[in-house]
Amino acid sequence: MRVLVVEDEMQLAEAVARGLRREGMAVDVAFDGDDGYRKAAMTRYDVIVLDRDLPGISGDDICRRLSDEGLLTRVMMLTASGTVEDKVSGLALGADDYLAKPFDFPELVARMRALARRATPATPPVLAAGDVVLDPARRTVRRSEELVELTRKEFGVLEVLLGAGGAVVSSEELLERVWDEHADPFTTTVRVTVMTLRKKLGEPGIIETVVGSGYRVPSAG
């Protein structure tokens, strides 16, 4: 799950980012509206956590632009005010959800996961292929009912591949979806992660390599 946090309170933004990374998400951060809009326009995020009151382009303007441009990214708007009027105005701008500060971090995570499940196409709450079952909310992977211990990146790669519904996913897309903006696109990171993931999942293998294109997990049937 790829996330962008746009928040000018640096300490809060970094705390939220650290917490989301512990939840296995790939997180980019922007501390002003201009940088936030640039990143949102250039990268396909699952969810954007967007403060309304930002230097540069305001959160309201970012939300309005993303909605007008038809981007499918879900927007969680943050504000210091939790009045009904503010919530209504934020949702009217195109936000998908609205959370007032201060907020409980577990609630933020739960709402973000709910937003990600509303993506287009919608992501089911549990992903499966054969006897491999991945539960994004519980951060667990099981094969034949046995728990498989994965790193955050291995979990993220498997989540993207299972969510693709049998379609081929390129190394470039895996890098974009699972790693953050600091990842080196010229490394063998994706290949090595897929290799270790295959070993942990065991036999028979479920991840196919499509030469010159990427990887896929064939859908059942």
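**View 1. Four arginines make a positive patch on the surface.** In this predicted model, Arg18, Arg21, Arg22 and Arg152 gather into a surface patch of positive charge. Helix α1 (residues 10-22) is the top contributor, with three residues. Take Arg18, which sits in helix α1: with a relative accessible area of 45%, Arg18 is partly exposed.

**View 2. Here is the largest nonpolar core, with 26 residues.** Val141, Val157, Leu158, Leu161, Leu174, Leu201 and Ile207 have the most contacts inside this core. At least two core residues each come from β6 (127-129), β7 (132-135), α6 (152-163), α7 (171-178) and α8 (189-201). Helix α6 gives the largest share, six residues.

**View 3. Asp28 pairs up with Arg2 in a salt bridge.** Their closest N and O atoms are 2.6 Å apart. Asp28 belongs to strand β2 (residues 26-30) and Arg2 to strand β1 (residues 2-6), so the pair ties together parts 26 residues apart in sequence. Both Asp28 and Arg2 are buried.

**View 4. Arg113 reaches Glu23 through a salt bridge.** Here the closest N and O atoms are 3.5 Å apart. Arg113 counts as buried because its relative accessibility is 10%, under the 20% cut-off; Glu23 is partly exposed at 26%.

**View 5. Glu173 and Arg44 form another of the structure's 19 salt bridges.** The closest N and O atoms lie 3.2 Å apart. Glu173 is in helix α7 and Arg44 in the loop between α2 (33-42) and β3 (47-51), so this pair ties together parts 129 residues apart in sequence. Glu173 is partly exposed at 28%, and Arg44 is partly exposed at 46%.

Note on methods:
Residues are numbered from 1 along each chain as its sequence is written. This is a predicted model: local features need pLDDT of at least 70, side-chain atom pairs count only at pLDDT 80 or more; totals for chains, interfaces and linings use all residues. Side-chain values use heavy atoms; hydrogens and water are left out. Patches are made of residues with over 30% relative accessible area and no salt bridge: like charges are joined within 9 Å, nonpolar side chains (Val, Leu, Ile, Met, Phe, Trp, Tyr) within 5 Å. Accessible areas come from the Shrake-Rupley method with a 1.4 Å probe; for residues, only the protein chains shown count as cover. A salt bridge is a side-chain nitrogen of Lys or Arg within 4 Å of a carboxyl oxygen of Asp or Glu. Lys and Arg count as positive and Asp and Glu as negative; His and the chain ends are not counted. The place of a charge is taken as NZ of Lys, CZ of Arg, CG of Asp or CD of Glu. Buried means under 20% relative accessible area, exposed over 50%, partly exposed in between (1.4 Å probe, protein chains only). A nonpolar core is a set of buried Ala, Val, Leu, Ile, Met, Phe, Trp, Tyr and Cys residues joined through side-chain atoms within 4.5 Å.
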